[in-house]
Amino acid sequence: MVEHSVVAPSVQATVLAHYERVADLIAANFPLAPIVPVYYPDGLDATPHYGGCVHDDDPLPATLPTVQIAFPNRPRRYVAATADSLLWFVHRGAIDIGSWTPNPHDPDRLGHARIILSPRGGATHEHVAFAMLALRTVLLQYGIEAIPVLDGFAGAALFIPFNDAPAYDAVRVWLHEVVNAAVAHSPNLITADSHDQKSQRVHANVGSNAPGRISSLPYALIGSTHLGMVTPIHWNELGTVENGHFTATNSDERLTEGDIFYRLTRELHAQRFGDGPR
C-alpha cells in the first residue's frame, strides 16, 4: 500500500499546518466516518493513490478508533475520523481526505447525501454555479435544502444532511430523480451522461452515495499544485467566493469565520429524508 506523497518539505509543512487547523472541524462534522487517505507518490497533479480498509496485521496505533462497514461480500474495517487519526494520516503523507458520509450513529446508513458536479467540455465556473442553483431549485420542490461546497478547483458538491439515517439505495434512487428533473429543465447546462466529455455542460453524479464511494470532505485539500481547500459556502456567496481561492496557504483566512459547514448543517438539523422525497 502506497503511503507517501512526493512533495517538497516546505509543501509538506504547509499541508500539515492546514490540517492542524481543520482536523477538529472535519472530525466534528463527520464523527467516526471511515477515512480514505489520498496520496500522491508521483507528485501533485499526478495519479492519486487511495488508502483502503484496515487489516488485522496493519500496524495501527492502539489509540486510533476503527469502524466496521457492512459490504455485500464481507464487512470491512476502516480508521475512523478523529482529529488524531486525520493528523496521523497527514504525517504519513496524505494530502486529501476522502470518505462517504454515513450517519454517525449507524455507519451502514446515510448521514449526508451528495451530488458531485464536474465541468465538462470547457464549462466554466459560471456554468457550475448555475447548475448548483438549478439543482437547488429541484431540491426545494421536495422541501429539501443543500449545503454548497466548492471543490477547491473547478467543480462543486451539494451536501444534503438527513437526520433519520435513510438507506443509501433509497436516497440514491431519489437523487437520480432530482438530477433527471434538473437535466430535463436545463439540458444545455446539466448532464447525467458520464461518457459525455465534450459537451460544454456540468456533469451531475450521485454514484458516491454508497459505502466505499468516496469524495473529498469539506476542509480537505485537493491534490493539485495549488492545494485548494474544499470550501463550504453560504448560498449568497455563490459567484463571489472564487473556487480555489482558499488553499493550504491561506485557509486560516476563511476559518476566521468559524465552521461554516457545521453551522449550515445545524440549520438543517431537522431535515428528514422520510418527510420529503420518499
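Predicted model: local features only at pLDDT ≥ 70, side-chain atom pairs only at ≥ 80, totals over all residues.
The protein chain contains six helices and 14 strands.

Overall dimensions first. For 278 residues, the rule for a compact globule gives a radius of gyration near 19 Å; the protein chain comes out at 18 Å, so the two agree. Along the principal axes, the C-alpha atoms occupy a box of roughly 50 × 35 × 35 Å. Of the 278 residues, 54% are buried.

Now helix H1, residues 9-29. H1 does have a kink, about 45°, centred on Val-22. Val-22 is also one of the buried residues of the helix. As a reminder, an α-helix has 3.6 residues a turn, so residues three or four places apart point the same way.

What covers the buried residues of H1? The cover includes helices H2 (83-91), H5 (251-255) and H6 (260-267), together with strands E5 (96-99) and E8 (112-119).

E5 leads us to the sheet. Four strands make an open sheet, ordered E2-E1-E5-E13, with antiparallel pairing. Strands E2 (49-50) and E13 (215-216) are at the edges; each has a single partner strand, so one side of each lacks a neighbour in the sheet.

Within that sheet, look at E1, residues 36-39. On one side, E1 runs antiparallel to E2 and is joined to it by two bridges. Tyr-39 is the residue standing opposite His-49 in E2. E1 also pairs with E5, again in the antiparallel sense, over three bridges. There, Val-36 has Gly-98 of E5 as its bridge partner.

Last, the side chains of E1. In a regular strand, side chains alternate between the two faces of the sheet. In E1, Val-36 and Val-38 point one way, while Pro-37 and Tyr-39 point the other way. Are these four buried or exposed? All of them are buried, whichever way they point.

Notes. Residues numbered from 1 in each chain as written. Heavy atoms only, no water. Pairing = 2+ DSSP bridges. Bend = angle between axes of the 7 residues up to and from the residue. Buried < 20%, exposed > 50% of the residue type's maximum accessible area, 1.4 Å probe, protein only. Contact = heavy atoms within 4.5 Å. Rg over C-alpha atoms; globule rule 2.2 N^0.38 Å.
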